[in-house]
Structures are given as C-alpha cells and as structure tokens.
Amino acid sequence: LTSSLGGRGYKDMACRELRVQLYQEQKDNFWPPTGRHILAQYDDDTVVVYQAFCPNIAEYAVKNQRFGGDHFSYARMSWIKTNFLWMMFRCGWASKKNQERVLAVRIKREGFDHILSKAVTGAQEKELGCGRSDVRLQWDPDHSPRGGPMKRRAIQLGMKNEVLRKYGQEWIVGINDITSFVLEQYTFVECDQLDRLMVAEERVYHVTSPATALQLQVDSLDTVCSDSTT
C-alpha cells in the first residue's frame, strides 16, 4: 500500500486501510505548529477517526464492522479523535486499562461533516441557548510522541443520542484494529528513535462550511503562516 501523498503503507493486514508516513516528515513539512486545526487522514469520500477500547468492544466492532454488543453502550457519550498522536496520548500507546485496543474507524465524509456541524463546547451551549447538543466539542493541547504538550490544539468530539447511533450503525465504511502497529511504533518512541517513527498520514482537514468553521473556531493556515513570519 502506498500513500497518494508520498507516505508509505503499513504491510500488516490489520492496518491495510491506514496510510502511514514518517512522523518527522509530517511534522517538518505538513503540520502547523500552532492554532486549532483538524489533522486527519481523509479523501473525497471518507475520514479516519480513532477510538481505544477494551478487547470485548474492539473484537465485536472489527468482526461486525459496526459498534454494538453487550459491552458497548449507546446510552453513554462516545469520543472520537481524528489525530493519531492525540489518540496515542489518551490511550498511552494502548497501555491504559480498557484502552488496550486501538481502532481506526473510516467513516463517510458526509457523516463526519454532520458531526462537526453539531459540535459545540459547553460554553457555547450556554451562550447560544441551544440546549443539550448531541455532539460535544473539545480543543485540547496536541501532544508529541513522548507525550509533551504542544502549542497546536487537537480536536476531540463526544457523540451521543442519534448522532452516536448513526456513527456506530450507518456511517462506518470500515473498522481496523491497528493495535499491532501502535505497539510496534512505540518501540521507536521508547528507544528515542523518532526519525524511524511512522504514524498515520494526516493533513489539515478543510471545513467547507463557513458556518461550521466559525462554530468550531478553527484557525486558517494563512493565519498560522502569517503569524510564523512576523
């Protein structure tokens, strides 16, 4: 598998749907160092998001290519991340309890855009008087492979009710367990060999709806480039 953007493909069949590229190449050439940006792997039709679960939930999801079973609850909020390294920080590179299995979930782009359009922060809910939204928005410091906080902000989206149901049952194109890839790459982090570290190939996701972009308070790349040269 070869990335259309110059990255390399991971040969493990468990990671067959994930395009990967050297961390250092992306950090130096493609990722803005500051600002609120949605870093994601995407194409014209789909977007990859990440979740980490206990083995029972992960095994059901991979087998059935949807979320459900005795251990997954649609009555609780479920969080997704678009940024691979942000997911690694949250799950401790698949080391935290009940986060031992990392899933790359490819969903329809129209579904992802719908999630974004419904996303509001807790403060926005109070200001806009829009009641209880089905999608909670959080911008948190992004993190380096070793876990250090960065100036760039990473997005995570908490879903519930009808949006969560559609995510788990209707918008999924494919679910892959990438835990073996995660554990393999973490060896380079432990050995301080970041020049060999491969991560998911990600670029800045462009929010096409001006209203959604304003609601999310995403930063434009033009602003980042201008700030970095002053």
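**View 1. The largest pocket holds about 450 Å³ of space.** Keep in mind for this and every other view that the model is predicted. The pocket is lined by 17 residues, and the closest to its centre are Phe 53, Arg 76, Met 77, Ser 78 and Trp 79. E5, strand E6 (78-81) and H3 are the elements that each put two or more residues into this lining. E5 gives the most, with 4 residues. Sorted by class, the lining comes out as 8 nonpolar, 6 polar and 3 charged residues.

**View 2. The second largest pocket has a volume of about 200 Å³.** Here 13 residues make up the lining. If you want to find the middle of this pocket, look for His 206, Val 218, Asp 219, Ser 220 and Leu 221, which lie nearest its centre. The lining of the second largest pocket splits into 7 nonpolar, 3 polar and 3 charged residues.

**View 3. A cavity that the probe cannot leave.** Rolling a probe the size of a water molecule over the atoms shows where empty space is left. With a cut-off of 30 Å³ or more, the count is 1 cavity. About 50 Å³ of space lies in the largest cavity, and its lining is made of Glu 17, Leu 18, Val 48, Ala 104, Val 105, Arg 106, Gly 174 and Asn 176. E7 and E11 are the elements giving two or more residues to that lining. E7 is the top contributor, with 3 residues. By class, the cavity lining has 4 nonpolar, 2 polar and 2 charged residues.

**View 4. Helix H7 (residues 179-190) and its buried face.** Thr 179, Phe 181, Val 182, Gln 185, Phe 188 and Val 189 are the buried residues of H7. Looking down the axis of H7, these buried residues fall within an arc of 160°, so they line one face of the helix. They pack against strand E2 (19-22), helix H3 (84-91), strand E7 (101-108), strand E11 (172-177) and strand E12 (198-200).

**View 5. Helix H2 (residues 55-64) with its buried residues.** In H2, Ile 57, Ala 58 and Ala 61 are buried. Around the axis they cover an arc of only 95°, which puts them on the same side of H2. The partners that the buried residues of H2 pack against are strand E5 (46-53), E7 and E11.

**View 6. Backbone spots with a positive phi, including Trp 93.** Most residues other than glycine have a negative phi, and most peptide bonds are trans. Trp 93 is not a glycine, yet its phi is positive, at about 55°. You'll find Trp 93 in the loop between H3 and E7. Is Trp 93 buried or exposed? Its relative accessibility is 6%, so Trp 93 counts as buried, the cut-off being under 20%. Asp 192 sits in the loop between H7 and E12, just after H7, and has a positive phi of about 55°.

Key
Residues numbered from 1 in each chain as written. Predicted model: local features only at pLDDT ≥ 70, side-chain atom pairs only at ≥ 80, totals over all residues. Heavy atoms only, no water. Expected span 1.5 Å × (residues − 1). Buried < 20%, exposed > 50% of the residue type's maximum accessible area, 1.4 Å probe, protein only. Arc of directions from axis to C-beta. Contact = heavy atoms within 4.5 Å. 1 Å grid on protein atoms, 1.4 Å probe; cavity = no way out; pocket = protein on both sides within 12 Å on 5 of 7 lines; lining within 4 Å. Points joined across faces, edges and corners; volume = space filled by probe spheres on them. Nonpolar A, V, L, I, M, F, W, Y, C, P; charged D, E, K, R; others polar.
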